[in-house]
Amino acid sequence: MEASLNMQQKLETKLSLTPQARQSLEILKYSLVELENFIKEEAEANPLIELKEIDSKHILEMARIHAPEAISSMKDESFDPLLQVPNREESMEAFLMEQLVLLKHLSKKDREIVLYLIRNLNDLGYLDCDIEEIAERFQLSIERCEELIAVLQSLEPAGIGARNLAECLYLQVVRKQDAPQNTVLIIQNHLEVLAEGDFQRIAKLYGMTNEEVENLFSYIKQLNPRPLREFLSSKQEYIIPDIIVEEMNGEYVIHLNDRYLPEVSINTYYVELLRANASGEIKEYLNTKLSEAFLLMRGIEQRHETLFRVTESIVEKQRAFLKNGKKELVPFRLKDVAESLGLHESTVSRTISQKFIQTPQGTLPLKTFFVRGVRIQGGEVESPLFIKEKIRAIIENEDTLRPLSDQKIANILLAEGIPIARRTVAKYREELGISQSTKRRRKK
């Protein structure tokens, strides 16, 4: 059998981002504090960039808007609220990203999904999104989503990515070698009973002595219910909003809070040098730095423009919420904004990431306005807040001698044209702070 070599030409069309597009996307995802740090880093590396620093009194004024009690209690006039905000290097996301990079077996898409999960962790380290939402967003099976959540949960600290307290404790115990017998089973099945101090019932169920149960309880209390506690500063943190929305004569006016940022300009001395007699390597160097300076300025301008457009779309959709509060929050998806503005969904995701908005209803993360709805009979979509209020009303009017189970509540909602799973009812009930039916039962 003869071997032969053949040369073939293959024509491919590939999309690649320009340096300007790459930097604009990077700048878009920065919070105000991160963008300020980035601008200063660029200025340090580029002599053509000149910064006009902001008045520190303005920063204090902005912080005072959002934390008056904490600010007024500060006796030290040298107190700097910016020092209370964790920097990029110390952030939760950076810490987890460093670990994610080391997982070489993950595909590019897998990394993208795990990164999305990381960005949906709350301040305690719990995963704050529905698995159905993840599956729909990335066109995956529920099983595959669970596998990628398990990847996140394999990172440090132990317990990261848990969806509830029991799972958080479980993720810590399975990594330990010194856990008392039955710890995992009790966490998974009888954590509430243990928390109530019903040691005798636990002892009877698992064939243990009361002393063994007490020791197990002491062991569990030493676990960390807040995986990211070490990342939370013990000092007061100040939220400086990226956007301010004010109501004026029945209309909502949007202001970008760009006054917080140092003003970027070009150093005229080097520009004159370039125009005069610069040549060779000096000219090439100055031209490169001039291009980089313009890239930075254009990136900041595009960030402001995109953030303003996305906020306009949010305000238009959530006007009732801005006027009346959370009960009026309506279903809204990143996809809706992307389609209305002609943007990619990932661009909208970057735009709202780590951004805060000051509204008549308080200062909130921009992601607050994006709610995955429940489709009801007739094709309409209702928000989880609406469903939660329905559940609350049903429970408030139940027979306290025969409280309704989660399945019965789901059946009542189905009869009203709202198809919802029992586990979703349980989740919403827990978020409302309402106990399960066995604990709501009252004796005559």
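Helices (H or I, at least four residues) and strands (E, at least two) are DSSP runs, numbered from the N terminus. The model is predicted, so local features need pLDDT of at least 70 and side-chain atom pairs count only at pLDDT 80 or more, while totals for chains, interfaces and linings use all residues. Residues are numbered from 1 along each chain as its sequence is written, and side-chain values use heavy atoms, with hydrogens and water left out.

**Exercise 1. The chain as a whole**

State how many helices and strands the protein chain has, and what share of its residues is buried.

Solution. 
- Step 1. The protein chain has 22 helices and eight strands.
- Step 2. Buried means under 20% relative accessible area, exposed over 50%, and partly exposed in between (1.4 Å probe, protein chains only).
- Step 3. Of the 444 residues in the protein chain, 41% are buried.
- Step 4. Contact means heavy atoms within 4.5 Å. Taking the contacts between residues at least 6 apart in sequence, 63% join residues at least 24 apart.

**Exercise 2. A helix pair**

Describe how α19 and α20 pack, and which residues meet.

Solution. 
- Step 1. Two packed helices are described by the angle between their axes and the distance between the axes.
- Step 2. Axes are lines fitted to C-alpha atoms, for helices over the stretch in contact, and angles run from 0 to 180 degrees between N-to-C directions.
- Step 3. Helix α19 (residues 384-396) and helix α20 (residues 406-415) pack at about 115 degrees, with axes 11 Å apart.
- Step 4. Ile387, Lys390, Ile391, Ile394 and Ile395 of α19 meet Ile409, Ile412 and Leu413 of α20.

**Exercise 3. Two buried loop residues**

Locate Ile418 and Val371, and decide whether each is buried or exposed.

Solution. 
- Step 1. Ile418 is in the loop between α20 and α21 (422-431). With a relative accessible area of 3%, Ile418 is buried.
- Step 2. Val371 is in the loop between β6 (362-365) and β7 (374-375), and counts as buried at 11% relative accessibility.
- Step 3. Val371 and Phe332, 39 residues apart in sequence, are 5.1 Å apart from C-alpha to C-alpha.

**Exercise 4. Backbone details**

Work out where Pro157, Asn249 and Gln354 lie, and describe the backbone at each.

Solution. 
- Step 1. Pro157 lies in the loop between α8 and α9 (165-173). The peptide bond from Glu156 to Pro157 is cis, with omega near 0 degrees.
- Step 2. Asn249, in the loop between β2 and β3, has a positive phi near 55 degrees. Asn249 is exposed at 81% relative accessible area.
- Step 3. Gln354, in the loop between α18 and β5 (356-359), has a positive phi near 60 degrees. Gln354 is partly exposed at 36%.
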